[in-house]
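Today I opened a new structure and kept notes as I went. Come and read along with me.

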Amino acid sequence: MILHCSFVLQTNPDSKASQSILQKLSSYLELPVLFERPYITHVISVSLMNAGFFVPYIHLVALGRQVGFSEYKAAFLVSGAGITDIVGRIFSGWFTDLRYFRMIHVLTAWAILLGVSIMLIPLSTLAGSYNVVMVSSLLYGFCSGALTALPFAFVPQIVGLGRVLGALGLLQMIESGAGLFGTPLSGYLQDITGTYTVSFVVAGSFLLLSSLALASQPHFFSRTDPPPPEPRPLR
């Protein structure tokens, strides 16, 4: 009996220390937000965005080469998209700050436009004109730049400023996995079909699905933002 009590006394401090570490880890990562509908809906939406977002940047040169453009011209498609990406970021920040529309509505609109622009890239190759493909690439770059910052800027409206750092960390950790899934899937589809058309259409579909997920957010159809989340009590 004495030995048993001594054993309990020796192990309890370790158990309490482990529990304390787990509690701190949960606090830093804001794991409880994973059980809140607005946050987990946003995570699903951003993960779907990431699954299709990078596909053109990875496969656009290969698509250009496949339809007969020179290596230089194919590579310049990505360069053009990169230039309009910068313009899109500036425009999106300026337009969102005007507050004509709620941020979630702006985010949804850009997700739809980006999904459509990705689908247009392989369809534009049917015209057989380099200029047409370049225009579709420029449109993709602009829409991708416009969308880039908004998913993260929307997080404080969901969880509040007090939990935004941990919530952002969790979001980036989860959506990165979806990004790793999208481009190999598009390469696999190209291997099966022999063209990049299905790959780009599927990538664009991920963006359209993400807009549907955003539309399922509470108060999405309201013209005004819902009340901010109540601040978390101090520990």
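**Entry: ground rules**

I am working with a predicted model, where local features need pLDDT of at least 70, side-chain atom pairs count only at pLDDT 80 or more, and totals for chains, interfaces and linings use all residues. Residues are numbered from 1 along each chain as its sequence is written, and side-chain values use heavy atoms, with hydrogens and water left out. Helices (H or I, at least four residues) and strands (E, at least two) are DSSP runs, numbered from the N terminus.

**Entry: α2 and α10**

How are α2 and α10 packed? I found helix α2 (residues 37-53) and helix α10 (residues 197-215) at an angle of about 165 degrees, with axes 7 Å apart. Axes here are lines fitted to C-alpha atoms, for helices over the stretch in contact, and angles run from 0 to 180 degrees between N-to-C directions. α2 and α10 are therefore roughly antiparallel; angles under 35 degrees count as roughly parallel, over 145 as roughly antiparallel, 65 to 115 as roughly perpendicular and the rest as oblique. Their crossing is left-handed, a label used if the near helix is turned anticlockwise from the far one by less than a right angle, with right-handed used if clockwise.

I then looked up the contact (heavy atoms within 4.5 Å). On the α2 side I noted residues including Thr-41, Leu-48 and Phe-53, and on the α10 side residues including Ala-203, Phe-206 and Leu-214. This contact has 10 nonpolar, 5 polar and no charged residues. In this count Ala, Val, Leu, Ile, Met, Phe, Trp, Tyr, Cys and Pro are nonpolar, Asp, Glu, Lys and Arg are charged, and the others, Gly among them, are polar.

**Entry: α2 and its other partners**

With α9, helix α2 makes an angle of about 35 degrees, the axes being 7 Å apart. Is this crossing left-handed or right-handed? α2 passes α9 in a right-handed crossing. Among the residues that meet are Val-43 and Ala-51 in α2, and Leu-170 and Gly-182 in α9. I counted 9 nonpolar, 6 polar and 1 charged residues in this contact.

Next I checked helix α3 (residues 55-66), which packs with α2 at about 15 degrees, with axes 6 Å apart. α2 and α3 are therefore roughly parallel to each other. Ala-51, Gly-52 and Phe-53 of α2 meet Val-55, Pro-56 and Tyr-57 of α3.

**Entry: a cavity**

Rolling a probe the size of a water molecule over the atoms shows where empty space is left. On a 1 Å grid over the protein atoms alone, a cavity is a set of points where a 1.4 Å probe fits but cannot get out, and a pocket is an open set with protein on both sides within 12 Å along at least five of seven lines; lining residues have an atom within 4 Å of a point. Grid points are joined across faces, edges and corners, and a volume is the space filled by probe spheres set on the points.

I found 1 cavity of 30 Å³ or more. The largest cavity has a volume of about 40 Å³. Ala-51, Gly-182 and Ala-203 are among its lining residues. The lining has 7 nonpolar, 3 polar and no charged residues.

**Entry: pockets**

The largest pocket holds about 310 Å³ of space. Its lining has 17 residues, with Thr-96, Asp-97, Arg-99, Met-103 and Leu-150 nearest the centre. α4 gives the largest share, 5 residues.
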